[in-house]
Amino acid sequence: MSVLKLGTDNFEEEVLKDNNKVLVDFYADWCGPCRMMSPIIDEIAEEKTGIKVGKVNVDDNQELAVKYNVMSIPTIMIFENGIPKKTFIGVTDKNEILEQLN
Amino acid sequence: MLYDVIIIGAGPAGISASLYTKRANLSTLILYFEKSSLEQANMIENYYGFENGIDGKSLYEIGIKQAKKLGVEVEKEELLKIEIDIKEGKNVFILTTTKKQYMAKAVIIATGTKKNKVKIKGVKNLEGKGISYCAICDGFFYRNQDVAVIGSGNYALSETNDLINIAKTVTILTNGEKAPEFRAENVNIITKPIEEIKGENKVEEVVFNDNSRLKTSGVFIAQGTAGSTEIAKKLGILLNGDKIVVNDKMETNIKGIYACGDCTGGILQVSTAVSKGTVAALSVIQYLKTQS
């Protein structure tokens with residue numbers, strides 16, 4: 001599945017109202033480690049066709065970053081029934097994330 | 001000058017790597033600063049070729065001499081940061097030390113393990129919740145807020161510099177060390193030893209050993225010099241705990257950056273460091289062939 005662009009306008013609809021697991025990557029364009037994480041997130045989106053994957057640009061969506069206590073990027077969260085169930089901070093191994101999506 | 005490869009660390013892994021890259025005609029620079037754990041080893045009796053054993057300091061010094069004799073440039077300079085610049089689709093690395101800036105097509109991290117890790121109560125639990133290891137990455141989240149930097153050396157000052165234009169105030173916490181020479185309008189220095197960093201869901205305050213407190217929104221860890229973990233976190237190199245994750249070619253997840261020796265974990269022996277250094281060098285040689 002392609003990676004969704006998430007923001008304050010569609011976060012509720014796409015993430016919070018979804019009963020399945022949703023993978024969300026909080027990032028910024030100027031953040032070096034985020035650039036390393038980004039292709040890993042893209043790969044997961046391609047491999048895990050049944051799972052919704054989205055990215056939140058924290059520059060454009062500061063409210064979301066504040067709401068979910070994102071204070072370090074990249075931060076990757078897995079939401080389930082609208083609640084963040086698992087958080088990874090910093091560049092994270094793909095398999096570690098995949099394990100939590102199964 | 002653009003080096004083919006810059007190696008960080010002059011222990012057995014870094015030096016061994018340099019012997020191979022230099023002999024393959026690659027321009028090679030070694031930057032080192034911290035004491036190698038080899039230098040502090042009393043007697044090495046299980047390393048090939050020394051029937052009476054050899055003391056760590058001698059083996060370490062012979063290694064550096066050997067590299068220099070071959071034409072490897074070896075500089076004792078403290079590394080502050082590595083940045084990536086993409087030129088014509090290729091990664092170029094910019095290394096900033098306290099003295100200069102260097103550029104390289106490939107980097108081998110062979111810094112060993114860090115000796116002065118921060119052991120302050122609360123740090124581990126609040127990582128990512130106000131405890132940060134990268135001012136340039138996370139400073140953004142503390143705009144117009146009060147933050148603290150733990151450390152007293154050049155690396156701590158470099159992190160402070162990245163924060164002073166973003167945060168409202170920056171307090172350098174030396175944790176019992178001598179205060180550094182640093183003056184800026186919104187920077188304070190506290191030298192008292194730290195007891196604990198406290199906070200419910202995120203960092204709220206730093207408690208000192210005399211029970212005084214400092215309210216703060218974020219704490220940036222920059223004690224000692226920038227070790228492999230700090231360098232890796234800033235670049236986005238995958239870590240497993242504080243060890244750099246490499247494959248069997250000693251490649252990290254970033255194209256052009258390799259790691260070997262104790263900073264990659266496993267068996268911490270001279271023989272394994274030499275072996276990993278060799279593999280890293282051969283991989284760099286191969287990588288640069290594909291880049292030209």
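**Sheet, helices and domains: questions and answers**

Tutor: In this predicted model, chain A holds an open sheet of five strands in the order S1-S3-S2-S4-S5, with mixed pairing.

Student: What makes S1 and S5 of chain A the edge strands?

Tutor: Strand S1 (4–6) and strand S5 (83–89) of chain A each pair on one side only. Neighbouring strands of this sheet are turned by 25 degrees against each other on average, direction ignored.

Student: How do you know that S1(A) and S3(A) pair, and in which sense?

Tutor: Pairing takes at least two bridges between two strands. S1(A) and strand S3 (residues 52–57) of chain A have three bridges, so they count as paired. The sense is parallel. In S3(A), Gly54(A) is the bridge partner of Leu4(A).

Student: Which helices lie across strands of chain A, and at what angles?

Tutor: H2(A) lies across strand S2 (22–27) and S3 of chain A, at about 160 degrees to S2(A). Helix H4 (residues 94–101) of chain A lies across S2, strand S4 (75–80) and S5 of chain A. H4(A) runs at about 10 degrees to S4(A). Angles run from 0 to 180 degrees between N-to-C directions, so H2(A) points roughly against S2(A), and H4(A) roughly along S4(A).

Student: How many residues of chain A are in contact with chain B?

Tutor: 16 residues of chain A are in contact with 20 residues of chain B. On the chain A side, helix H2 (residues 32–47) gives the most, with five residues. By class, that side has nine nonpolar, five polar and two charged residues.

Student: How do you know that the span of H6(B) agrees with its number of residues?

Tutor: Helix H6 (residues 270–291) of chain B has 22 residues. At 1.5 Å a residue, they should span 32 Å. The end C-alpha atoms are 31 Å apart, so the two values agree.

Student: What domains does the assignment give for chain B?

Tutor: Domain 1 (2–115 + 226–291) and domain 2 (131–221). Their C-alpha centres lie 30 Å apart. The contact takes eight residues from domain 1 and seven residues from domain 2 of chain B. H5(B) gives the most to the domain 1 side, with three residues. The residues of that side divide into two nonpolar, one polar and five charged.

Key: Residues are numbered from 1 along each chain as its sequence is written. Chains are lettered from A and ligands numbered from 1 in the order in which they are written. This is a predicted model: local features need pLDDT of at least 70, side-chain atom pairs count only at pLDDT 80 or more; totals for chains, interfaces and linings use all residues. Two residues are in contact if their C-beta atoms, placed from the backbone, lie within 7 Å. Helices (H or I, at least four residues) and strands (E, at least two) are DSSP runs, numbered from the N terminus. Ala, Val, Leu, Ile, Met, Phe, Trp, Tyr, Cys and Pro count as nonpolar, Asp, Glu, Lys and Arg as charged, and the others, Gly among them, as polar. The expected span of a helix is 1.5 Å times one less than its number of residues. Domain bounds come from an automatic or database domain assignment.
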